[in-house]
Amino acid sequence: MEQTKQKSTFFYGWLIVVGCMLIQAVPYSLAANIQPAFTSYVTSGEGFTYTQFSLIFTIGTIVSALCSPFIGKLYSTPKANIKLLYVIGIILVGVGFASMSLAKGNIFAYYALSILVQIGSAIISAIGVPTLINSWFTENKGIAMGLAFSGGGLGNMILQQFAGKWLSNPSIGYKGAYLRFGLLAIIVALPIALFVMRLPKSKSELEMNKSKKSKKTSSQSSNWGYTFAEVSKIKYFWIFAISFVFVGLYVGGMALQFIPYLQILEQAKVLTLGSALVASLFGLFSIFGNLCGGVLFDKFGITKSLILAELLVIICGLSLIFIGKINALGFVFAVCLGISMFSYIIGPSYMTSALFGNKEFGTILGIVQIFFAVGFGSGSTVFGFIVDKSGFTNAWISTIIYAVIAYAGLLYSTSSIVKMNKDNNVIETKRIS
């Protein structure tokens with residue numbers, strides 16, 4: 001009796017969260033965070049220009065974003081085989097990354113392999129992780145999602161150390177590092193895919209996630225949702241999605257360009273903090289941002305969380321403008337940008353679920369990801385163009401303007417959709433079962 005009781009109180013969803021953290025820590029971190037560390041080594045070793053090699057990030061991101069709705073459709077099918085999808089995704093990331101050790105001087109081989117890696121990353125992370133968390137958690141969803149995505153920051157901190165040692169070791173080099181990282185992704189993640197990842201087997205499993213109070217009083221479950229065909233007819237959805245283009249624009253400029261900017265100030269003796277210190281502090285608070293972002297969404301709701309994120313990003317932009325005069329603003333920037341990451345790391349999946357439900361969650365999220373990818377993919381280029389024409393100050397002002405437009409659109413669209421759902425009693429009328 002006692003053994004049965006203990007088993008019945010264990011909620012398997014938290015094991016899913018641990019699995020997602022490990023997926024984010026290794027294969028996702030390779031695709032998102034470790035690949036840039038290879039840039040200078042590959043360009044000098046194979047004779048590529050910086051621009052040529054940098055295109056692997058743009059091409060991979062855009063193609064994977066275009067594939068996201070199809071990946072989401074696979075996850076949204078009633079008989080989705082989660083284990084198979086994760087195995088495919090992990091093999092694409094691991095084998096694709098390892099195969100770059102054989103690409104040699106063929107830049108097009110790097111482009112093709114980058115596409116495979118980024119599609120694999122979308123399967124196991126961008127679409128896979130939110131789908132799993134959304135399927136398992138009816139309560140504490142933001143906390144669970146924050147924990148799951150925080151694995152990326154933790155993995156980045158650890159794997160960057162290996163990257164530095166392996167890449168600088170002549171007996172290993174970038175070719176050996178590619179091979180080792182690819183094999184590491186498969187060794188760590190494949191057992192998780194085979195033995196941990198799955199969807200709930202029954203409603204009783206989900207009941208273990210509910211408090212006693214909600215079990216008695218809640219008629220509102222996660223078991224509801226729109227189809228994409230229905231969502232596509234809602235004008236507020238398109239405002240919501242387009243807003244993520246502007247989110248991508250400010251992220252592509254601010255998050256990718258602050259280190260080169262600080263390095264320039266450092267070389268000019270204007271910044272005495274050290275760009276590496278600011279970058280490290282940002283990495284630390286990005287972990288905290290994902291964790292506290294989940295709590296914010298759960299405890300304070302979408303509107304208050306978005307307002308906070310907007311204020312943090314505006315402070316980031318202003319800090320970069322005046323950091324030359326007040327160096328301490330570098331710390332302010334790192335803390336604010338790190339915490340604000342929840343709005344674009346957790347935000348798309350959390351808000352898509354809260355606003356449109358579960359029925360075709362993966363498909364709808366995939367469409368939203370395309371809009372973000374368009375902004376993110378062009379954000380750095382647009383930023384560079386503004387810098388060339390009118391300097392860094394105007395470029396940072398542009399990121400503030402993007403952020404204001406982005407969050408104005410998100411606040412308007414989300415509040416309108418919440419009101420529409422409430423007025424039409426959508427959660428009751430759109431139940432899946």
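User: Why is Cys67 called partly exposed?
Analyst: This is a predicted model, and in it Cys67 has a relative accessibility of 23%. Buried would need a value under 20% and exposed one over 50%, so Cys67 falls in between and counts as partly exposed.

User: And what makes Cys336 count as buried or exposed?
Analyst: Its relative accessibility comes out at 9%. The cut-off for buried is under 20%, so Cys336 goes down as buried.

User: How do you know whether the sulfur of Cys336 has a bond to the closest cysteine sulfur?
Analyst: Check the distance. The closest cysteine sulfur belongs to Cys316, and it sits 5.0 Å away. A disulfide needs the two sulfurs within 2.5 Å, so this pair is too far apart for a bond. For the structure as a whole, the disulfide count is 0.

User: What does a side-chain oxygen of Asn106 reach at the start of α6?
Analyst: The backbone nitrogen of Phe108, to within 3.1 Å.

User: What makes α4 roughly antiparallel to α18?
Analyst: The angle. Helix α4 (residues 50-76) and helix α18 (residues 361-390) pack at about 170°, and their axes are 6 Å apart. Anything over 145 degrees counts as roughly antiparallel, so that label goes to α4 and α18. As for what lines the contact, its residues split into 8 nonpolar, 10 polar and 1 charged. Among those on the α4 side are Thr58, Ala65, Ser68 and Lys73, while the α18 side includes Phe361, Gly366, Gln369 and Phe376.

User: Ser68 is in that list, then. Why is Ser68 called buried?
Analyst: Ser68 belongs to helix α4, and its relative accessible area is 3%. With the limit for buried at under 20%, Ser68 qualifies. Beyond its neighbours up to four places away in sequence, Ser68 touches Ala122, Ile127, Gly362, Gly366 and Gln369.

User: How do you know that Thr399 counts as buried?
Analyst: At 1% relative accessibility, Thr399 is under the 20% cut-off, so buried it is. Thr399 lies in helix α19 (residues 392-423). Leaving out residues within four places in sequence, its contacts are Tyr250, Met254 and Phe383.

User: What about Ser280, is it buried or exposed?
Analyst: Exposed, with a relative accessible area of 51%; the label calls for over 50%. Ser280 is part of helix α14 (residues 275-322). Its C-alpha is 36 Å from that of Leu199, a residue 81 places away along the chain.

User: What makes the phi of Lys104 worth a look?
Analyst: Most residues other than glycine have a negative phi. Lys104 is not a glycine, yet its phi is positive, at about 55°. Lys104 sits in the loop between α5 and α6, and it counts as exposed because its relative accessibility is 52%.

User: And why is Asn425 called partly exposed?
Analyst: Its relative accessibility is 42%, and with buried set at under 20% and exposed at over 50%, Asn425 lands in the partly exposed class. Asn425 also has a positive phi, near 50°, despite being a residue other than glycine. You'll find it in the loop between α19 and α20.

Key. Residues numbered from 1 in each chain as written. Predicted model: local features only at pLDDT ≥ 70, side-chain atom pairs only at ≥ 80, totals over all residues. Heavy atoms only, no water. Buried < 20%, exposed > 50% of the residue type's maximum accessible area, 1.4 Å probe, protein only. Polar contact = N/O pair within 3.5 Å; in protein donor to acceptor, adjacent residues only side chain to side chain. Helix = DSSP H or I, 4+ residues; strand = E, 2+ residues; numbered from the N terminus. Contact = heavy atoms within 4.5 Å. Axes fitted to C-alpha atoms, helices over the stretch in contact; angles between N-to-C directions. Parallel < 35°, antiparallel > 145°, perpendicular 65-115°, else oblique. Nonpolar A, V, L, I, M, F, W, Y, C, P; charged D, E, K, R; others polar.
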